[in-house]
Amino acid sequence: MTAALLLLGACAQQQPAVCAPPLKPALEVDLYFGRGNVSDVQWKAFVDDEVTPRFPEGLSVADIAGQWRDPAAKIGREQSKLLILIVFDPPAHGPKVEAVVSAYKQRFAQQSVLRVERAVCVNY
């Protein structure tokens, strides 16, 4: 339990990347969405309604195959979407990401969305 709390604290206080010019520090946020019965039309509407208004600067989406083990130790597989965001406003991005995750879970009755964040160096 203590190790988990220390890990959570370390993640919350992630240091920005040290970047050599012309690269700039940013944060990459990867969100993994299980598709379940979500159609392509429903996914596009979700991105248009929930993601783009919060992250109008841009985003990337990839089709992936997901796998997980449920609490009964059964392996599950489903087609998934990987949403990749590059953000330059680390304090402000958190609530926007949480809103996207919450909206997806509510709209499509999903239990979870996997979220990964890491400091990166970017030049665009």
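The structure is a predicted model. Four strands form an open sheet in the order S2-S3-S1-S4, with antiparallel pairing. Helix H3 lies across three of these strands, S1, S3 and S4. Helix H2 comes within 11 Å of H3, axis to axis. Ring pairs join Phe33, Trp43, Phe46, Tyr104 and Phe108 into a cluster.

**The sheet**

- The edge strands are S2 (60–69) and S4, each of which pairs on one side only.
- On average, neighbouring strands of this sheet are turned by 30° against each other, with direction ignored.
- Strand S1 covers residues 24–34, and eight of its 11 residues are buried, so that the strand counts as mostly covered.
- S1 pairs with strand S4 (residues 114–122) in the antiparallel sense, over nine bridges.
- Glu28 stands opposite Ile86, a residue of S3.

**Helix H3 on the sheet**

- H3 runs at about 10° to S1 where it lies across S1, S3 and S4.

**Helices H2 and H3**

- Two packed helices are described by the distance between their axes and the angle between them.
- For H2 (residues 40–51) and H3 (residues 90–108), the axes come within 11 Å and cross at roughly 145°.
- The crossing of H2 past H3 is right-handed.
- On the H2 side, the residues in contact are Gln42, Trp43, Ala45, Phe46, Asp49, Glu50 and Val51.
- On the H3 side, they are Val100, Ala103, Tyr104, Arg107 and Phe108.
- Sorted by class, this contact of H2 with H3 has eight nonpolar residues, three charged residues and one polar residue.

**Aromatic rings**

- A search of the whole structure gives nine aromatic pairs.
- One of the pairs is formed by Phe33 and Phe46, with 5.9 Å from centre to centre and 65° between the planes, an edge-to-face arrangement.
- This pair links distant parts of the chain, with Phe33 in strand S1 and Phe46 in helix H2, 13 residues apart.
- Both Phe33 and Phe46 are buried.
- Phe46 also pairs with Tyr104: the ring centres are 5.1 Å apart and the planes stand at 75°, so this pair is edge-to-face too, the cut-off being over 60 degrees.
- Here the link runs from Phe46 in helix H2 to Tyr104 in helix H3, 58 residues apart.
- Tyr104 is buried, as is Phe46.
- Phe46 and Tyr104 are both among the residues through which H2 meets H3, and both belong to the ring cluster, along with Phe33, Trp43 and Phe108.

**Loop residue Gln110**

- Gln110 is found in the loop between H3 and S4.
- Gln110 has 19% relative accessibility and therefore counts as buried, as the cut-off is under 20%.
- Neighbours within four places in sequence aside, Gln110 is in contact with Gly34, Gly36, Glu78, Tyr104 and Lys105.
- Among these contacts is Tyr104, the ring partner of Phe46.

Notes:
Residues are numbered from 1 along each chain as its sequence is written. This is a predicted model: local features need pLDDT of at least 70, side-chain atom pairs count only at pLDDT 80 or more; totals for chains, interfaces and linings use all residues. Side-chain values use heavy atoms; hydrogens and water are left out. Axes are lines fitted to C-alpha atoms, for helices over the stretch in contact, and angles run from 0 to 180 degrees between N-to-C directions. Helices (H or I, at least four residues) and strands (E, at least two) are DSSP runs, numbered from the N terminus. A crossing is left-handed if the near helix is turned anticlockwise from the far one by less than a right angle, and right-handed if clockwise. Contact means heavy atoms within 4.5 Å. Ala, Val, Leu, Ile, Met, Phe, Trp, Tyr, Cys and Pro count as nonpolar, Asp, Glu, Lys and Arg as charged, and the others, Gly among them, as polar. Buried means under 20% relative accessible area, exposed over 50%, partly exposed in between (1.4 Å probe, protein chains only). Two strands pair if DSSP finds at least two bridges between them. Rings of Phe, Tyr and Trp (its six-membered ring) pair if their centres lie within 6.5 Å; planes under 30 degrees apart count as stacked, over 60 as edge-to-face and the rest as tilted.
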